[in-house]
Amino acid sequence: MAATPLPIVSPPPPPPHPPNAATIRSLTAAGDHAAALRALSSLSSSSSPGAAPLDRFALPPAAKSAAALRSLPAVRAIHGAALRRGLLYDGPTPAVANALLTAYARCGDLPASLALFAAMPARDAVTFNSLIAALCLFSRWLQALAALREMVLEGHPLTSFTLVSVLLACSHLPDDPRLGREAHALALKSGFLDGDERFAFNALLSMYARLGLVDDACRLFASAGAAENAPGGGGGGGVVTWNTMVSLLVQSGRFEEAVGVLYDMVARGVRPDGVTFASALPACSHLEMLSLGMEMHAYVLKDADLAANSFIASALVDMYASQERVCAARRVFDMVPVGDRQLGLWNAMVCGYTQAGMDDDALELFARMEADAGVVPSETTMAGVLPACARSEAFAGKEAVHGYVVKRGMDGNRFVQNALMDMYARLGDMDAARRIFAAIEPRDVVSWNTLITGCVVQGHVSDAFQLVREMQQQGRYTTDIDEEPVMPNNITLMTLLPGCAMLAAPARGKEIHAYAVRRGLDSDVAVGSALVDMYAKCGCLALSRAVFDRLPRRNVITWNVLIMAYGMHGLGGEAVALFDRMVASDEAKPNEVTFIAALAACSHSGMVDRGLELFRTMKSEHGVEPTPDVHACAVDILGRAGRLDEAYSIIISSMGPGEQQVSAWSSFLGACRLHRNVRLGEIAAERLFELEPDEASHYVLLCNIYSAAGLWEKSLEVRSRMRQRGVSKEPGCSWIELDGAIHRFMAGESAHPDSAVVHAHMDTLWERMRGQGYKPDTSCVLHDIEDAEKAAILRYHSEKLAIAFGLLRTPPGATIRVAKNLRVCNDCHEAAKFISKMVGREIVLRDVRRFHHFVDGACSCGDYW
């Protein structure tokens, strides 16, 4: 081997006393690895009389320091020095070779480790332990077990260190849990589970958890007396075992049991430490048990050492942020002195702000990290702050952040790549997102989910489903035995289901539901909530309720989704009854969204008194503060009922001025259109023009009010005002799903392949309706033209064309399900009633506000909409 100069760094001025092997050992033990290497350099180059010679006792600690610094050149220099001086295999044990074997692996050079092992003339137990640990470091699990077998055949004694590495290897071979059980038997036979030393015991618990055999871990914990007598007394061994059990239960999603173990631990006199709380606090987040998290926080505050622990503070910040208590999270963050704030704490607070949508705060804190505290952002930091960069309107240099990532050398990190994909997708640049996706290798499920989410958010739902098919194909044909196949998970399903709801495509939604059942994901509360929402928005309310009833556990989102669903379908009584059941069940506490859903249901069903009662008692009886959106619901209830003066009074007297009034004024303007109140409609419209001058719907509603009143000149003035501001009305579009395909129709257009046939069938239906007493409601046309021309325009509205297409392409008696991007017009509502009676079909029409179920000439809304 070519000689490499040993001075890795320039040696300092000669110390007063020449270094020796003991000096290097003490520096390595103290963690001063650079000084240890300087001492080795000085020792090897020293020629002064009386200087200690470089011997086999100096090289192992030096190799450990080189490994700690991840300095492969230093390891090679030490290896060369050992060869030149004949120290590599000197002594009764190959200590130098063993240390180099480990050092090469820790510096990323596994081939050098394996070559050194193969060249060793004599090996001992430490040699094999080092080799097995090195193989595990590189995820060579099967090779690690093969090394164990060779170790046993050569007759070397096993130690607890051997077993810990072996258990780690077994834990990554889920297809053969028998190997893990054999390792357990080996531990019992060798006596590694006896006595107070708990390394092997804790590793065994972790192995069973990684293999998904959590029940086996629980039985092991109990049978070993851990649950009764706290192994190791109340000392470090005991608390480590308890911590292992809490952590594995949390990581396995068994949060209630983790909390139970924590309580049992305290009851048996084992004092929790920082690791305990850092492991247990995520359970509080998942269980939405804020009170328990605050109880842990109070315990921490009583102990000065725990209170100053940055890792505990990180877990507390994460817990409070996940419970939407961002201000409390910030107070915890601020309590830790700036100099003691570890990177993990900064990351937790930045991510907390990002998750809460407080993007400017996240960016401000991100800027302070390095500028004020000298903390260098990590890949986790960038993955947390990139969504804030994408959403923040105040932050202009969005794409420049990508350059910052490249400059920092983080562009190859998968977490950062996923965050960049998400950022570009949010910005609408799906080509850039796909380029980043193509560069990721190998792709994990998060990478796939990120791109799928981007497609759904941008409305490319068909592309999202195509990506899922590609993901399944990749997972099906994975050949690497150490690589887990990538398959759709609960996040994938939660991403796709809103896409099905958006398109009103129940057939695709049912496919996802079937996959969830096969994979055991249908009992997941988040997937279940998404299924309830999907079926409801696809018009399948009975299926939505069936999924709700079968869920083993429901959270506030699940309840809110179904309450909202009943309201959208015009079943206000059922919605309010479900609200009352939610309050009585104590399964979830109503929040702002719950009241918005219940009040909207009352509004759609004309339940004015019940809606106002809920509005007036929400704070006193349920502790929920009325927000601007809640006030807007109360305005909508009164406005639809024709009580316009009372609705106007709520806006003027109960709400602050500015943008928070937008929803209320918008609801009020809609009520003015419904009741043809020109005076109040003008007031509402002018306020909205000030607050949202580029929102087309406000101009259209005022045009409707003027047109219905015959004020054509004023209607033309509004349309002229729209043109001057460059505001254009969103064109009406309706769609229907048949045989897994989405068919879209625009008013009067002929782009659909079957357009001629559809228009002809609509002509036939039109004449039949006219013969049975149907009269077109020409007030829906905003142009000052003859009634015959208005009727011709109404005949080919998009929802009528979609209904006609559904009648042509579905078997007799089948329900027709149509969705529209805007509010259904009065004329199409009346026409759908006639068509449902003429053809004997149920027609389900979903517009931007609610559902209409047309059966035998009547609508579920009772014409109150």
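Helices are DSSP runs of H or I, at least four residues long, numbered from the N terminus. In the predicted model, Asp 372 and Arg 368 both belong to one such run, helix H22 (residues 359–373), where they are four residues apart, about one turn of the helix. Their side chains meet in a salt bridge, with an N to O distance of 3.5 Å. Asp 372 counts as exposed, at 55% relative accessibility, whereas Arg 368 has a relative accessible area of 22% and is partly exposed.

The closest N and O atoms of the salt bridge between Asp 533 and Lys 537 are 3.4 Å apart. In this pair the acidic residue, Asp 533, is buried, at 19% relative accessibility, because the limit for burial is under 20%.

Arg 341 is buried, with a relative accessible area of 8%, while Asp 334 is partly exposed, with a relative accessibility of 42%. Elsewhere, a network of salt bridges links Arg 123, Glu 150 and Glu 154. The structure holds 37 salt bridges.

Helix H27 (residues 445–457) and helix H29 (residues 490–503) have axes 9 Å apart and pack at an angle of about 15°. H27 is therefore roughly parallel to H29, as the angle falls under 35 degrees. The crossing of these two helices, H27 and H29, is left-handed. On the H27 side, the contact is made by Val 445, Asn 449, Ile 452, Thr 453 and Val 456; on the H29 side, by Ile 491, Thr 492, Thr 495, Leu 496, Gly 499 and Met 502. By class, the residues in the contact of H27 with H29 are six nonpolar and five polar, with no charged residues.

In the second pair, the axes of helix H34 (residues 572–585) and helix H35 (residues 592–605) cross at roughly 155° and come within 8 Å. This angle is over 145 degrees, so H34 is roughly antiparallel to H35. H34 passes H35 in a left-handed crossing. The residues of H34 that take part are Gly 572, Ala 575, Val 576, Phe 579 and Met 582, and they meet Thr 594, Phe 595, Ala 598, Ala 601, Cys 602 and Ser 605 of H35. The contact of H34 with H35 comprises eight nonpolar and three polar residues, and no charged ones.

At the level of the whole protein chain, the secondary structure comes to 46 helices and six strands. The chain has 865 residues, and buried residues make up 51% of them. Taken along the principal axes, its C-alpha atoms fill a box of roughly 115 × 55 × 55 Å. Of the contacts in the chain between residues at least 6 apart in sequence, 63% join residues at least 24 apart.

Conventions
Residues are numbered from 1 along each chain as its sequence is written. This is a predicted model: local features need pLDDT of at least 70, side-chain atom pairs count only at pLDDT 80 or more; totals for chains, interfaces and linings use all residues. Side-chain values use heavy atoms; hydrogens and water are left out. Axes are lines fitted to C-alpha atoms, for helices over the stretch in contact, and angles run from 0 to 180 degrees between N-to-C directions. Angles under 35 degrees count as roughly parallel, over 145 as roughly antiparallel, 65 to 115 as roughly perpendicular and the rest as oblique. A crossing is left-handed if the near helix is turned anticlockwise from the far one by less than a right angle, and right-handed if clockwise. Contact means heavy atoms within 4.5 Å. Ala, Val, Leu, Ile, Met, Phe, Trp, Tyr, Cys and Pro count as nonpolar, Asp, Glu, Lys and Arg as charged, and the others, Gly among them, as polar. A salt bridge is a side-chain nitrogen of Lys or Arg within 4 Å of a carboxyl oxygen of Asp or Glu. Buried means under 20% relative accessible area, exposed over 50%, partly exposed in between (1.4 Å probe, protein chains only).
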